[in-house]
Amino acid sequence: MPDKKTPKLDELEHGPWPSFVTEIKKAAVRNESAKDLLNLLERSYDDKRGHWKHGGIVGVRGYGGGVIGRYTDLPEEYPHVAEFHTMRVNAPSAWFYKTETLRTLCDIWEKHGSGLTNVHGSTGDLIFLGMKTEELQTTYDELSDAGFDLGGSGSCLRSPSCCVGPARCESACYDTLDVCYDLTSSYQDELHRPMWPYKFKFKMSGCANDCVAAIARADCSIIGTWRDSIRIDQDQVKAYAESGLDIQGMVCDKCPTRALKYDHEKKELHVIAEDCSRCMHCINVMPKAVRPGKEKGATILLGGKSTIVQSAFLSWVIVPFMKMEPPYTELKEMVAKIWDWWDENGKTRERLGELIYRMGMTKFLREVGLPPVPQMVFRPRANPYVFWPQDEIVK
Amino acid sequence: MSKIDGGPPDYKKLLPPIITENYGQWKYHEIPRAGVLKHVSEKGDTLYSVRVGSPRLVSIDYIRDICALADSYCDGYLRFTSRNNVEFLVSDEGKVEPLIKELEAKGYPIGGVGNALSNIVHTQGWVHCHTPATDASGIVKAVMDDLYEYFGRTDLPAKLKVAMACCLNMCGAVHCSDVAILGVHRTPPRVDHEKIRKGTEIPTLVAACPTGAIRPDPKNKSVVVNEERCMYCGNCYTMSPAMEILDAKNDGIAILVGGKVSNARTAPSFSRLVIPFLPNNPPRWPEVTAAVRHIVETWLNNARKGERVGEWIERIGWERFFSLTEIPFTDKHIDDFIFSRETFRTTAAFKY
């Protein structure tokens with residue numbers, strides 16, 4: 001078959017932003033399925049609709065997930081994407097690589113797949129984009145021999161991911177990379193063999209800037225914080241003032257709790273520590289002058305998810321402060337109770353957040369043994385429709 | 001049989017020596033120029049990170065090319081960010097400028113640091129997914145070409161995070177971004193009764209509908225869709241191939257604005273719908289790029305220093321946002337799902 005023309009996609013090779021079309025074309029030089037992908041995508045641009053069949057269940061021996069099966073609905077015209085599965089490869093914490101590691105992955109992928117990748121998928125996995133069913137097991141075997149494993153898919157623990165943390169950030173309040181690696185290693189069974197009502201995601205951010213969007217994109221969001229006061233270096237405050245920074249306007253006036261006082265005369269910044277909600281704003285604006293406190297740990301929040309079915313949820317506070325030190329026993333004991341409760345009570349395809357919402361926070365807290373604290377709510381309920389447990393009333 | 005349950009590689013073996021030596025000991029950072037971070041540790045070691053925009057969907061040739069660059073300038077170490085940019089980790093200050101020169105010569109965009117536009121978090125689209133209402137990679141390329149100047153700057157009022165999802169599953173960050181581009185349907189599913197009978201688990205399909213528009217039809221061993229209750233989310237199609245919903249003429253794009261995940265100053269917040277529908281117009285989606293640019297420029301011209309898009313709108317009021325942008329306000333903007341009442345204006349304080 002002669003090469004097809006792709007005038008619409010060719011247009012997307014122009015312009016300054018790097019072009020995914022150029023990338024597909026590079027892979028298409030050596031690979032027939034990358035070439036057919038290009039042609040099929042051009043067809044989608046003409047038809048204004050996708051051309052992938054619904055679903056697809058494929059995998060590797062021993063695992064219940066990690067591979068997303070995909071088949072085109074036009075296999076006669078585009079035979080090399082008749083099967084075009086993706087494999088999720090669990091990425092290292094915070095996406096640090098050695099070049100030799102990446103080259104090993106490229107060599108494996110060149111042999112067995114389309115040569116196309118996503119670096120990375122939104123959950124954090126490295127995506128091998130497009131392979132035939134017969135290549136799945138050999139690809140996995142070679143990955144495994146090279147020290148890699150698959151990530152999660154389906155109703156299981158998905159691949160945890162984390163921000164750059166203490167590897168390269170002065171605001172990190174705990175070791176996000178280690179927690180990510182530790183949880184991933186500890187829960188390999190839960191990750192590879194789906195056994196739950198629905199998916200479950202962990203994300204770890206080292207501070208409230210939340211650079212992996214844990215609060216929005218994880219069922220369990222672990223966000224670094226501290227319990228004592230921010231630390232202020234007055235010499236550096238003076239240096240910022242002298243460099244022209246409007247400390248009153250850009251720092252104090254934007255403090256959400258008005259916990260900062262600036263002395264114009266002395267060029268000194270002071271904090272009312274008990275009023276600070278540790279939002280990170282002053283630290284972000286003056287990283288040389290203001291630092292997190294010394295008593296560090298994390299806030300644990302639960303329930304984050306996207307729209308389907310009941311609307312999007314942001315995770316909410318469940319433990320205001322937890323020390324994060326290996327082997328993370330307190331966290332793991334809590335997580336085990338929560339998973340048990342969800343597995344027992346969750347309906348098919350019900351995310352943890354939706355289950356807590358349906359059953360009620362009161363019931364959830366009692367059944368998993370967590371104490372209610374005011375940090376869990378923006379404000380108390382306005383309606384008086386209170387459920388009283390029968391063991392709390394006079395008999 | 002190969003090893004199973006080995007897990008990912010140990011990150012500790014993949015960190016550059018300067019990071020291993022200064023792990024958890026970083027003191028402060030600066031942004032010496034657009035796209036570059038300078039981190040200084042307690043013992044005075046300095047690490048430069050040069051951030052480069054990537055299309056995310058890349059070939060192994062691309063990966064090998066950035067590996068060659070990392071070998072020349074970074075002793076073979078690099079990382080990727082949570083917005084799918086590449087970061088070259090340079091411990092030798094003398095290599096920063098030569099790396100930047102070579103990146104520029106190769107056409108790699110340097111930027112996305114500080115108060116800049118960063119990369120667009122996006123999804124599979126027509127490249128690999130079966131439920132999309134639009135393409136992801138194409139729109140992202142068109143929008144980033146159009147807003148390119150803001151990637152390599154650091155003087156925007158605040159960070160600008162744009163996200164894209166090709167259907168309401170919203171894989172990624174659409175529900176919490178400054179500007180979000182979302183693929184939407186506008187027609188109900190077309191039920192294929194034969195396919196339902198062949199293999200759909202009907203109770204799960206019924207339970208998948210957020211508005212209860214699907215009920216079982218035991219006589220036919222199938223389901224019925226109450227089209228008046230259907231808002232075309234496509235979740236039934238996710239559950240069953242019998243609920244075909246793609247519609248080339250009516251699928252398109254919605255735009256949402258004002259979300260964020262950081263806790264700085266204000267609490268994390270959801271993005272809100274401001275344009276209910278724009279057509280799919282590949283390969284350049286001119287209606288989408290124009291709408292995004294218009295919103296971004298209105299923010300640039302009106303926001304105070306330090307204000308994210310959502311913070312700016314909450315200060316001036318949504319009614320002012322609509323008058324400033326001249327985006328028509330319609331019945332489709334008013335929430336009518338289960339949590340809607342909280343979004344109604346229960347005060348007499350507003351602007352004309």
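What span should the 17 residues of helix α12 of chain A have at 1.5 Å a residue, and how far apart are its end C-alpha atoms? Helix α12(A), residues 329-345, should span 24 Å, and its end C-alpha atoms are 24 Å apart, which agrees; the expected span is 1.5 Å times one less than the number of residues. This is a predicted model, in which local features need pLDDT of at least 70 and side-chain atom pairs count only at pLDDT 80 or more, whereas totals for chains, interfaces and linings use all residues. Residues are numbered from 1 along each chain as its sequence is written, chains are lettered from A and ligands numbered from 1 in the order in which they are written, and side-chain values use heavy atoms, with hydrogens and water left out. Helices (H or I, at least four residues) and strands (E, at least two) are DSSP runs numbered from the N terminus.

- Within α12(A), the residues A:Leu331, A:Lys332, A:Met334, A:Val335, A:Ile338, A:Trp339, A:Trp341 and A:Trp342 are buried (under 20% relative accessible area, with exposed over 50% and partly exposed in between; 1.4 Å probe, protein chains only).
- Two packed helices are described by the angle between their axes and the distance between the axes.
- Helix α14(A), residues 361-368, packs against α12(A) at about 125 degrees, with the axes 10 Å apart; axes are lines fitted to C-alpha atoms, for helices over the stretch in contact, and angles run from 0 to 180 degrees between N-to-C directions.
- That angle makes α12(A) oblique to α14(A) (under 35 degrees is roughly parallel, over 145 roughly antiparallel, 65 to 115 roughly perpendicular and the rest oblique).
- On the α12(A) side the contact (heavy atoms within 4.5 Å) is made by A:Lys337, A:Ile338, A:Trp341 and A:Asn345, and on the α14(A) side by A:Phe364, A:Glu367 and A:Val368.
- The axes of α4(A), residues 99-112, and α5(A), residues 136-145, come within 10 Å and cross at roughly 165 degrees, which makes α4(A) roughly antiparallel to α5(A).
- In this pair, A:Leu105, A:Ile108, A:Lys111 and A:His112 of α4(A) meet A:Thr138, A:Thr139, A:Glu142 and A:Leu143 of α5(A).

**A sheet with strands from both chains**

- Six strands form an open sheet with antiparallel pairing, in the order β3(A)-β5(B)-β6(B)-β3(B)-β2(B)-β1(B); two strands pair if DSSP finds at least two bridges between them.
- The edges are β3(A), residues 96-98, and β1(B), residues 26-33; each has a single partner strand, so one side of each is left without a neighbour in the sheet.
- From one strand to the next, the twist averages 25 degrees.
- Helix α2(B), residues 60-73, packs on the sheet, touching β5(B) and β6(B), and its direction makes about 15 degrees with that of β6(B).
- Helix α3(B), residues 96-106, also packs on the sheet, where it touches β1, β2, β3 and β6 of chain B; its direction makes about 5 degrees with that of β3(B).
- Strands β1(B) and β2(B) run antiparallel and are joined by five bridges, and B:Arg33 stands opposite B:Val36 in β2(B).

**Two buried residues of chain B**

- B:Arg308 lies in the loop between α8(B) and α9(B) and is buried, with a relative accessible area of 6%.
- Leaving aside neighbours within four places in sequence, B:Arg308 has contacts that include B:Asp178, B:Lys260, B:Arg265 and B:Trp299.
- B:Ile313 belongs to helix α9(B) and is buried, with a relative accessible area of 0%.
- Not counting residues up to four places away in sequence, B:Ile313 touches B:Val257, B:Trp318 and B:Phe321.
- B:Ile313 and B:Gly258 are 55 residues apart in sequence and 7.3 Å apart in space, C-alpha to C-alpha.
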